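Let's take a friendly walk through a protein model, one feature at a time. Keep the picture open beside the text as you read.

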Amino acid sequence: MRKLAFFPTPYLDEDFRSVIFRYHLRAGNSEFFTTNLELFNTRTEKNPHIPRNLTFFLNRLPIGHELSLERILDYNTLWPLAKPFLTMEQIEQSMQEIRNGVEGARNFAVKQLSMTQLRILAPSIRYCPQCLIEDFDRFGECYVHRSHQIYPLKVCPLHQMLLISKCPMCGVELTKERGKRLLVTPNCSLGHTISSSTPISNHDSLSNISFFEDAQTIMESSHNIDRQMVLTRFQLAMVNKGYTFISGKMKKKELIRDIERSLVEEKSTEYDQYYDFDIRRIQFILHEKWNIQSLSLYLFLMRFLSGSVKEFLYGQISEAVPLPFSSLPRECVNKICPDYSKLVIKKCKREILFGNVLRGIFTCPTCGCTYQKRWALETGENQVASIINRGQLWESKFIELYTLGYNYQEISRELKTQRQQIIKWMERFQYERISSNPIIINEDEHEHEHAIRELLLGAGETAAGRRLNQNRLNYCRNKITKAIESGSGLRRRDINKLSPSAYIWLMKYDREWMERVLPKRILPGRYKDWQSIDHELAQRVREVAEKIYTENPAKRIARYVIINACAKTDKFHLITSSTKLPNAWAVVLQYEESKDDYLIRCVPVLVERMKMQRGNDTNVTLQSILSSRRPYHGCSLRVRCEIIKILQGMGFQDVERGMDQYLLPYNYRKKST
């Protein structure tokens, strides 16, 4: 893989979007799409806070560069602020996409930071005016600070100035959509110098400092804490404060009442910055899989329960009443489970049996084995575990060994279970087989119940161990034959609906005969008339493309613009069945707009903008057009010729004035005297 010639070193507290934008400027790329393709091999024009496919990016860095995946995430993104509140599944999915992801409708890692999830990343990029000036004086350029993007932080932690995303003088946005344009000088796009900001009170300043210190504590501790540890600390703190019943259930009404009273009565600077949350989400704080979707609420509860975030994470919590079964995760007790004796059970279901006696129910996510333990207020937790359900893995292995003819001693050794338990299971299994014998089943019974009983019986029969009952075989064959003869053109699923019990039993024990008598399988999509679909789709695509051209959009009409404007079904066919739709794709390519055509189409709009900015009397020339926008700098002679024609048609005079003769189209060069 070819290495990059250079890559800028991140500044202190620099947002990774700013680092990528500085590379984009130094590389001289006209479009951000090209920069993403070079750095991450992704086809997008976005500049996300956490990009995808960082493995590709790290392999392309110049030799000797000190950047690593951990360093980027820890010092240039807000990932450390989100990680302690995410489940293991969310972290694994995010890291997989960060390392190697190149496709997908939305960046999953960035989604966890967004305003719809944990509300960590501000919706727009923000700057501190004083930081802009100091960075420009020190480095010769401005950059985006990571700490300024923490939501709902409103003030720069260093200068105590209000963070801004728009110019204070003209109100224009300081950054372009999706981070494709950032500030490199302390000036807005209209040239106004950003030198001041709205002053704030000491009250707001102290509140923001408190919030930033809490967020900084979380980021510094992100490698030492996880969601399970945070939930356990919440449980212990609530027990210590009396907000949890002995069964582990939260006293939601009392907790919300005390929180609202604290917010109304105290009104201290310590709490003001934490108001951006919905108090009703408090009910999800102890849920194993759900997030409460608010960093502010997490940090507020830590302060409310323990005084500070640092005390919450590392302080000693003395329990007035111990929380039953608080030590999680627990181990699996199934000896044939791949995760036997490993701490894989992360959830406990608590139930009150009587008085002060509870039981905790634990289920292994790998094998499904469920066991229980008891807990009493006087004696604590009982160390003896009793099995409630041995799980799918154990039961399927037992049925397999039993149907192969193993005796109870051999099954006991294979399953590592006591013999008495195996004998009980064998008696239970034989009882289920006898009670589900089709000899005692009435033919008028519901077909679905009949099918279920047939499956129970079939579990105890194999071709190797037992001979099939000839009477049952003939009975099922007759039912299938009658179902086939009952109508013409029946498909396999129709025959299955007519006689489900016979169909299932014969497909399991007499599949060869079934394949001979049943109609052939119809593969999906075999009978689609792609020729007519292609013809109709070509007409619809043509109509969509012509409509787009009449709207005169600001962006280039590339093939993906035309495809995305089509109906959902048409878009799916164009993407997944391109080889079967030659005419439709020919129309797409016919209407796809080249870069030269796009530049020519934009000239009238560009002229109108220049007249609005400079006045209606301005004489627009070829040179002013070429110097106004970067894409026109290296345009072809065809584009220059068309620009001259358009300008002359709009009544402008001497449009080629001031241009180098070799940069003009041949027809417009002045003849040498």
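## A closer look at the chain

Asparagine 53 counts as buried, at 8% relative accessibility. You will find asparagine 53 in the loop between α2 (32-40) and α3. Its phi is near 55°, a positive value in a residue other than glycine. Why is that worth a second look? Most residues other than glycine have a negative phi, and most peptide bonds are trans.

Before going further, please keep in mind that this is a predicted model.

**The whole chain.** The chain has 673 residues, and 45% of them count as buried. It holds 28 helices and seven strands. Its accessible surface comes to about 37200 Å², and carbon and sulfur atoms account for 50% of that. If you take the contacts between residues at least 6 apart in sequence, 60% of them join residues at least 24 apart.

**Backbone details.** Asparagine 552 is another residue with a positive phi, of about 50°, although it is not a glycine. Asparagine 552 sits in the loop between α22 (530-551) and α23 (559-565). Is asparagine 552 buried or partly exposed? With 38% relative accessibility, asparagine 552 counts as partly exposed. There is also a cis peptide bond, running from tyrosine 151 to proline 152, with omega near 5°. Proline 152 belongs to the loop between α8 (129-139) and α9 (202-220).

Which residues of helix α4 (residues 69-76) are buried? They are Leu69, Ile72, Leu73 and Asn76. These residues lie on the same side of α4, because they cover an arc of only 115° around the axis. The buried residues of α4 pack against α1 (16-27), α3 (54-60), α5 (79-82) and α6 (88-100).

Helix α25 (residues 582-591) gives a second example, with Ala584, Trp585, Val587, Val588 and Tyr591 buried. They cover an arc of only 155° around the axis, so they are on the same side of α25. The partners that the buried residues of α25 pack against are α22, α23 and α24 (568-576).

**Aromatic rings.** How many aromatic pairs does a search of the whole structure find? It finds 19. Phenylalanine 85 and tyrosine 298 form one that is stacked, with 4.4 Å from centre to centre and 25° between the planes. Phenylalanine 85 lies in the loop between α5 and α6, while tyrosine 298 lies in helix α12 (residues 295-306), so the pair ties together parts that are 213 residues apart in sequence. Phenylalanine 85 counts as buried at 1% relative accessibility, and tyrosine 298 is buried with a relative accessible area of 1%.

Elsewhere, Phe6, Phe7, Phe16, Tyr23, Phe40 and Phe57 form one aromatic cluster. A charged residue meets a ring too: arginine 390 lies over the face of tryptophan 394, at 5.1 Å from the ring centre.

**Cysteines without a bond.** How many disulfides does a search of the whole structure find? The search finds zero. To see why, remember that a disulfide needs two cysteine sulfur atoms within 2.5 Å.

| Cysteine | Closest cysteine sulfur | Sulfur to sulfur distance |
|---|---|---|
| cysteine 167 | in cysteine 170 | 3.6 Å |
| cysteine 337 | in cysteine 367 | 3.7 Å |

The sulfur of cysteine 167 is too far from that of cysteine 170 for a bond, and the sulfur of cysteine 337 is too far from that of cysteine 367. Cysteine 167 is buried, with a relative accessible area of 4%. Cysteine 337 is buried as well, with a relative accessible area of 4%.

Where is arginine 657? Look in the segment after α28 (637-649). Arginine 657 is partly exposed, with a relative accessible area of 46%. Leaving aside its neighbours within four places in sequence, arginine 657 is in contact with Asn619, Thr621 and Gln623. Arginine 657 and glutamine 623 are 34 residues apart in sequence, and their C-alpha atoms are 7.5 Å apart in space.

Terms used. Residues are numbered from 1 along each chain as its sequence is written. This is a predicted model: local features need pLDDT of at least 70, side-chain atom pairs count only at pLDDT 80 or more; totals for chains, interfaces and linings use all residues. Side-chain values use heavy atoms; hydrogens and water are left out. Buried means under 20% relative accessible area, exposed over 50%, partly exposed in between (1.4 Å probe, protein chains only). Helices (H or I, at least four residues) and strands (E, at least two) are DSSP runs, numbered from the N terminus. Contact means heavy atoms within 4.5 Å. Accessible areas come from the Shrake-Rupley method with a 1.4 Å probe; for residues, only the protein chains shown count as cover. The arc is that of the directions from the helix axis to the C-beta atoms. Rings of Phe, Tyr and Trp (its six-membered ring) pair if their centres lie within 6.5 Å; planes under 30 degrees apart count as stacked, over 60 as edge-to-face and the rest as tilted. A charge sits over a ring if NZ of Lys or CZ of Arg is within 6 Å of the ring centre and within 35 degrees of the ring normal.
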